[in-house]
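Let's take a friendly walk through a protein chain, one part at a time. Have the sequence and the 3D view ready as you read.

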Amino acid sequence: MIPYKTYVSNKHKCLVRAAQQAYVVALRGGRCEDCGNRHHPAVFDFHSIEGHHSRNVGSLYGGKLSKVLDEVSTCLLLCPTCHRIRHVEERHDTY
Ligand SMILES: [Zn+2]
């Protein structure tokens, strides 16, 4: 059994992560920027439009919100399907 303080601390971190994820997805309109579909906030990916991520957005959740907002400002909000298609198209000019 984990100590209560550890449980509360971990639970708090999970809540902060989920809140930040829902917040940034809502800020970006809550729709995939390619297909326009709405999904649960946990479904979305952030795709870097500058061709690289300085850090994975998912790894930033739970930290400073300013860092999350800074990172997502250079990204597209995409559903997993459109995110995969983007990466395939980046690897191959034609499919
Ligand atoms: Zn999509």
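Two residues are in contact, or touch, if their C-beta atoms, placed from the backbone, lie within 7 Å. With that in hand, look at Pro41, which touches Gln21, Ala22 and Val25, leaving out residues up to four places away in sequence. Pro41 sits in the loop between α1 and β1 (45-48). Is Pro41 buried, partly exposed or exposed? Pro41 is partly exposed, because 17 other C-beta atoms lie within 10 Å.

**The whole chain**

Keep in mind that this model is predicted. The mean pLDDT of the chain is 90, and 93% of the residues reach 70 or more. Confidence is lowest in α2, with a mean of 89, and highest in β2, at 96.

The chain contains four helices and two strands. The C-alpha atoms fill a box of roughly 55 × 25 × 25 Å along the principal axes. Of the 95 residues in the chain, 15% are buried. Among contacts between residues at least 6 apart in sequence, 70% join residues at least 24 apart.

How well does the length of α1 agree with what its 24 residues should span? At 1.5 Å a residue, α1 should span 34 Å, and its end C-alpha atoms are 34 Å apart, so the two values agree. The buried residues of α1 are Gln20, Val24 and Val25, and the buried residues of this helix pack against α3 (65-72) and β2. Just after α1 comes Gly29, which takes a positive phi of about 100°.

Now turn to α4, which has twelve residues and reaches 17 Å from its first C-alpha to its last, close to the 16 Å expected. Is α4 largely in the open or largely buried? Of its twelve residues one is buried, so α4 lies largely in the open. Val88 is found in this helix, which covers residues 80-91. Val88 is exposed, because it has 10 other C-beta atoms within 10 Å.

**The nonpolar core**

Which residues have the most contacts inside the largest nonpolar core? They are Cys32, Phe44, Val68, Leu77, Leu78 and Cys79, in a core of 13 residues. The elements giving two or more residues to this core are α1 (4-27), α2 (57-60) and β2 (75-78).

Leaving out residues up to four places away in sequence, Leu77 touches Val25, Arg28, Cys32, Glu33, Phe44 and Phe46.

Next comes Leu78, which is found in strand β2. Leu78 counts as buried because it has 21 C-beta neighbours inside 10 Å, and the cut-off for buried is 20 or more. Beyond four places in sequence, the contacts of Leu78 include Cys32, Glu33, Asp34 and Phe44. Asp45, His47, His83 and Arg86 are also among the contacts of Leu78.

**Sequence and space**

| Pair | Apart in sequence | C-alpha to C-alpha |
|---|---|---|
| Leu78 and Phe44 | 34 residues | 5.7 Å |
| Val88 and Leu60 | 28 residues | 25 Å |

Read the rows one by one with the 3D view open. Leu78 and Phe44 are 34 residues apart along the chain, with their C-alpha atoms separated by 5.7 Å. Val88 and Leu60 are 28 residues apart in sequence and 25 Å apart in space.

How values were computed. Residues are numbered from 1 along each chain as its sequence is written. This is a predicted model: local features need pLDDT of at least 70, side-chain atom pairs count only at pLDDT 80 or more; totals for chains, interfaces and linings use all residues. A nonpolar core is a set of buried Ala, Val, Leu, Ile, Met, Phe, Trp, Tyr and Cys residues joined through C-beta atoms within 7 Å. The expected span of a helix is 1.5 Å times one less than its number of residues. pLDDT is the predictor's confidence in each residue, from 0 to 100.
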